[in-house]
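Welcome! Take a look at the sequence and the 3D structure below, and then we can walk through the model together, starting with a pair of charged side chains.

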Amino acid sequence: LHLSIRRQRQMCIRDRPQGAMMRISNYIHPDVMIESGDTVIFSSKIIPGNEKKLYKLHNQLVKNGIREVVLTGVDITSYGQGLPGRSGLGRLACRLLKSVPDLSRLRFGSLDVAEIDRDLINLFGIEQRLMPHLHLSVQAGDDLVLKRMKRRHSRSEVIAFCQHLRRIRPEIVFGADFIAGFPTENHQHPKRIGELFRIVAAIQL
């Protein structure tokens with residue numbers, strides 16, 4: 001379980017003294033890493049105890065003046081895969097917000113459209129403490145390029161997802177990341193990125 005701090009500071013909370021939390025009270029957006037790539041930090045054997053540590057960390061942050069936290073990782077939409085029961089990102093966010101009632105705002109790092117679970121989508125419609133902003137790992141605006149990148153979503157799925165979220169949470173806004181100059185791209189492919197960016201009305205590229 002790692003905690004990184006914006007403004008180019010990073011710290012690991014493991015084995016840090018209790019007083020270390022006081023030094024970050026003036027920071028607005030602590031990033032809490034919940035998984036790291038292929039291996040979920042909270043393994044199936046110890047997830048209950050580690051989730052309690054996660055809730056305890058957030059309560060400590062709130063106690064020290066933090067009002068907004070970002071859950072992050074290499075691929076956070078894969079959280080809970082291979083674990084018993086329904087332990088996806090949506091369920092984790094729901095349990096976290098219930099366990100830390102004084103946390104004012106919760107955000108997420110970059111999300112993979114192909115893996116965003118239904119629980120998380122539904123939570124955006126009922127939980128106002130989830131900030132109405134998502135950053136999507138889109139990568140390309142053309143289906144052929146997406147296929148060559150081995151991405152699991154299509155252009156139409158990105159559009160449908162954004163439209164669905166806007167019906168659930170009208171004020172939601174999107175950011176997205178794209179890769180330009182991927183091998184085999186031609187001069188038309190960047191235009192497809194711009195078209196998709198305008199269709200989903202993204203505010204951040």
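## A pair on one helix

Glu 195 has a relative accessible area of 31%, which makes this residue partly exposed. (Buried means under 20% relative accessible area, exposed over 50%, and partly exposed in between, using a 1.4 Å probe and protein chains only.) The side chains of Arg 192 and Glu 195 form a salt bridge, 3.5 Å from N to O; the term stands for a side-chain nitrogen of Lys or Arg within 4 Å of a carboxyl oxygen of Asp or Glu. Both residues sit in helix α6 (residues 189-199), three residues apart, so about one helical turn separates them. Arg 192 and Glu 195 also belong to a salt-bridge network with Asp 142 and Arg 155.

Before going on, note that this is a predicted model, in which local features need pLDDT of at least 70 and side-chain atom pairs count only at pLDDT 80 or more, while totals for chains, interfaces and linings use all residues. Residues are numbered from 1 along each chain as its sequence is written, and side-chain values use heavy atoms, leaving out hydrogens and water.

## The overall plan

The protein chain has six helices and eight strands. Here helices (H or I, at least four residues) and strands (E, at least two) are DSSP runs, numbered from the N terminus. Read from the N terminus, their order is β-β-β-β-α-β-α-β-α-β-α-α-β-α.

How many of the 205 residues count as buried? The share is 48%. Contact means heavy atoms within 4.5 Å, and among contacts in the chain with a separation of 6 or more, 73% join residues 24 or more positions apart.

## Salt bridges across the sequence

Side chains of opposite charge can pair when their charged atoms come close. In the whole structure, ten salt bridges are found. One of them joins Arg 107 and Glu 68, at 2.3 Å from N to O. Arg 107 lies in strand β6 (residues 105-108) and Glu 68 in strand β5 (residues 68-73), so this pair ties together parts 39 residues apart in sequence. Arg 107 is partly exposed at 25%, whereas Glu 68 is buried at 3%.

Another salt bridge links Glu 115 with Arg 152, at 2.9 Å from N to O. Glu 115 is in the loop between β6 and α3, and Arg 152 is in the loop between α4 (143-148) and α5, so the pair connects parts 37 residues apart in sequence. Glu 115 counts as buried, at 14% relative accessibility.

## Helices that meet

Which residues of α3 meet α5? They are Ile 121, Phe 124 and Gly 125, and they touch Phe 161, His 164, Leu 165 and Ile 168 in α5. This contact has five nonpolar residues, two polar and no charged. (Ala, Val, Leu, Ile, Met, Phe, Trp, Tyr, Cys and Pro count as nonpolar, Asp, Glu, Lys and Arg as charged, and the others, Gly among them, as polar.)

## The nonpolar core

A nonpolar core is a set of buried Ala, Val, Leu, Ile, Met, Phe, Trp, Tyr and Cys residues joined through side-chain atoms within 4.5 Å. The largest one has 46 residues, and those touching the most other members are Leu 106, Phe 108, Leu 111, Leu 134, Leu 136 and Phe 161. Leaving aside neighbours within four places in sequence, Leu 111 contacts residues including Ile 76, Leu 89, Ile 116 and Leu 120.
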